[in-house]
Amino acid sequence: MQISTNTSRWYDRPWAAFIFFTRLPFWRLHQPPKEAYTSVVEFWPLTGWLTGALMATIIWFGSKVMPFPIILLAAIAVRLLLTGALHEDGLADFFDGFGGGGTNRTRILAIMKDSHIGTFGVLSLIFYFALLFSCMYALGPLYASVVAFAADPFSKMVAGQITQLLPYARTEEQAKAHNIYRRFNVFAGLSLMIQGLSPFAALLYFDYHWGNALLNWDYLVAAPCFTMFFLYMLMLRRIKGYTGDCCGTVFLLCELAFYLTAVALLAPSFTL
């Protein structure tokens, strides 16, 4: 794929994010300049609007015509196809590296860059998908759909902070995508916050008016943030930075923390 080197337009950066984080052929319509890809994290939650909304739509409408477990598997599979399993690949590489590399920074980074999946990577994907499916099933069609729409962008907003808290652990030439994300300015930070919090606010509005206000916003905010902080401390100590695999891992685990918290908050209202 050739990347244009023309002067950036206002839509180049969000467009680059959709090209980078999805497998839809946005690049056929427009090819942003190379520098636009340094800011894709700033529009990462916006891509979550697409993946989250698609999952929510499949769960809600699909559950009316097919058994709920089948629809959940279909929704998860569609997101994997839409993103090319980009984040899940990062999760497997992260656990392989941190699980098999011990405290040796060089070895951890080398294992994470290796395209082969190891035991820790396989186990991480099994447990991740088992927990994700179980949480969505426990929530039921209605809450599973609205939580799916809110958790995706919000967790990407939280995960994006890793790129600001830590330096990149490799050089640009060593990066898998040959790209290092830039630092946020004030406008980028505000934009990221709006992208991540808008679906979250919609979830709380829905819960307040139709769900008897069972979802406490402070717990839903705290769980992903504590997860991100724990992973931040782990990366700081082990590799003194972040990689693209780390970003994908932080997103998926923050999102999983969001789901687990939602299930815990809603548990009194239904039988798991």
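Here are legends for a few close-up views of this predicted model.

**View 1. Helix 2 and helix 6 packed against each other.**
Let's start with two helices, helix 2 (residues 44-62) and helix 6 (residues 119-159). Their axes are 7 Å apart and meet at an angle of about 175°, and that makes helix 2 roughly antiparallel to helix 6. On the helix 2 side, look for residues including W44, W49, M55, I59 and W60. Among the residues they meet on helix 6 are M136, L142, F149, D152 and K156. Sorted by type, the residues of this contact come out as 17 nonpolar, five polar and two charged.

The buried ones are D12, R13, P14, A16, A17, F18, I19, F20 and F21. They pack against helix 2, helix 3 (68-83) and helix 4 (86-100).

**View 2. Y168 and Y242, an edge-to-face pair.**
The whole structure holds 20 aromatic pairs, and here is one of them: Y168 with Y242, at 5.3 Å centre to centre and with 80° between the planes. Y168 sits in the loop between helix 7 (162-165) and helix 8 (186-210), while Y242 sits in the loop between helix 9 (217-238) and helix 10 (244-266), so the pair ties together parts that are 74 residues apart in sequence. Both tyrosines, Y168 and Y242, are buried. They also belong to a cluster linked by ring pairs, together with F20, F21, W44, Y181 and F251.

**View 3. F229 and Y232, a pair within helix 9.**
The ring centres of F229 and Y232 are 5.9 Å apart and the planes are at 40°, so this pair is tilted. Both residues lie in helix 9, three residues apart, which is about one turn of the helix. In an α-helix, residues three or four places apart point the same way, because there are 3.6 residues a turn.

**View 4. Two lysines over aromatic rings.**
K64 lies over the face of W60, at 3.9 Å from the ring centre. K156 lies over the face of F251, at 4.9 Å from the ring centre.

Note on methods. Residues numbered from 1 in each chain as written. Predicted model: local features only at pLDDT ≥ 70, side-chain atom pairs only at ≥ 80, totals over all residues. Heavy atoms only, no water. Axes fitted to C-alpha atoms, helices over the stretch in contact; angles between N-to-C directions. Helix = DSSP H or I, 4+ residues; strand = E, 2+ residues; numbered from the N terminus. Parallel < 35°, antiparallel > 145°, perpendicular 65-115°, else oblique. Contact = heavy atoms within 4.5 Å. Nonpolar A, V, L, I, M, F, W, Y, C, P; charged D, E, K, R; others polar. Phe/Tyr/Trp six-rings, centres within 6.5 Å; stacked < 30°, edge-to-face > 60°. Buried < 20%, exposed > 50% of the residue type's maximum accessible area, 1.4 Å probe, protein only. Lys NZ or Arg CZ within 6 Å of the ring centre and 35° of its normal.
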